[in-house]
Amino acid sequence: MLETVMLIAAGFLSACLLAVLMVPALWRRAVRLTETRLRSQTPLSVADIQADKDRLRAEYALEIRRRILENELPAGVQMLATEVADMLAMRRTPVRDALIRLAHQRLVHIRPRHWMRVQEVSPDHLTWTTDLRTLTDDTAADMAPAPALP
């Protein structure tokens, strides 16, 4: 009887020893598989995330610019950035960045932490903006590297 109990105890202790020795290897494998699965589900790098943010800001700027040029946001209108974001059903921070971009184009005037005002758009201003864009696009095209031949 005592011999049976001793054999059961020895078997239990050897099983515990094997488990303690195998747990780190199993843990490392589980961590590696989880990391691999997460990387495959979210293949975004920091550059991808930044590019997505830049694309979103550009889309917002184009939408606000379109509304200004089509007089949906007439000259002289004063609004908070949050009001513009709510009106366009967009997020506030990218709208604020888009307004800053439009301020560089002199389509809006911004008073930080207060409001933005739509500037009056003249045909001369549109011509100047178009000429400037054509010039910068041509310069960028000239600076771009030639595509590699196969």
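This report walks through a predicted model of one protein chain, from its overall layout down to single residues.

## Ground rules

Because the model is predicted, local features need a pLDDT of at least 70 and side-chain atom pairs count only at pLDDT 80 or more, while totals for chains, interfaces and linings use all residues. Residues are numbered from 1 along each chain as its sequence is written, and side-chain values use heavy atoms, leaving out hydrogens and water.

## The overall layout

Let's start with the big picture. The chain has 5 helices and 3 strands; these are DSSP runs numbered from the N terminus, with helices being H or I of at least four residues and strands being E of at least two. Read from the N terminus, the order goes α-α-β-α-α-β-β-α.

How much of the chain is buried? Buried residues account for 17% of the 150 residues. Here, buried means under 20% relative accessible area, exposed means over 50%, and partly exposed is in between (1.4 Å probe, protein chains only).

## A sheet of three strands

The strands come together in an open sheet with the order β1-β3-β2 and antiparallel pairing. β1 (78-79) and β2 (108-111) sit at the edges with a single partner strand each, so one side of each has no neighbour in the sheet. Two strands count as paired if DSSP finds at least two bridges between them. In general, strands of a sheet pair through backbone hydrogen bonds, either parallel or antiparallel.

Now for the pairings themselves. β1 is joined to β3 (residues 115-118) by 2 bridges, and Met79 stands opposite Met116 in β3. Between β2 and β3 there are 4 bridges, with Val108 partnered by Val118. As for the faces of β3, Met116 and Val118 are on the covered one, and Trp115 and Arg117 are on the uncovered one.

Over in β2 you'll find Arg111, which is partly exposed at a relative accessible area of 43%. Arg111 is 31 residues from Leu80 in sequence, yet their C-alpha atoms are 9.5 Å apart in space.

## Backbone spots worth a look

Most residues other than glycine have a negative phi. Which way does phi go at Asn71, positive or negative? Asn71 has a positive phi of about 65 degrees; this residue lies in the loop between α2 (46-69) and β1 and is exposed, with 53% relative accessible area.

Ala89 also has a positive phi, about 55 degrees. Ala89 belongs to the loop between α3 and α4 and is exposed at 73%. Then there's Arg113, with a positive phi near 60 degrees in the hairpin of β2 and β3, where 3 residues lie between the strands.

The structure holds 10 salt bridges, each one a side-chain nitrogen of Lys or Arg within 4 Å of a carboxyl oxygen of Asp or Glu. One of them links Glu59 and Arg55, whose closest N and O atoms are 2.5 Å apart. These two are 4 residues apart in helix α2, which means about one helical turn separates them. Both are partly exposed: Glu59 at 39% relative accessibility and Arg55 at 42%.

Glu72 itself is partly exposed at 42%.

## A surface patch on the nonpolar side

Leu17, Leu18, Leu21, Met22 and Leu26 make up a nonpolar surface patch, with about 540 Å² of accessible area together. Such areas come from the Shrake-Rupley method with a 1.4 Å probe, counting only the protein chains shown as cover for residues. Patch residues have over 30% relative accessible area and no salt bridge; like charges are joined within 9 Å and nonpolar side chains (Val, Leu, Ile, Met, Phe, Trp, Tyr) within 5 Å. Leu17 sits in helix α1 (residues 2-41) and is exposed at 53%.
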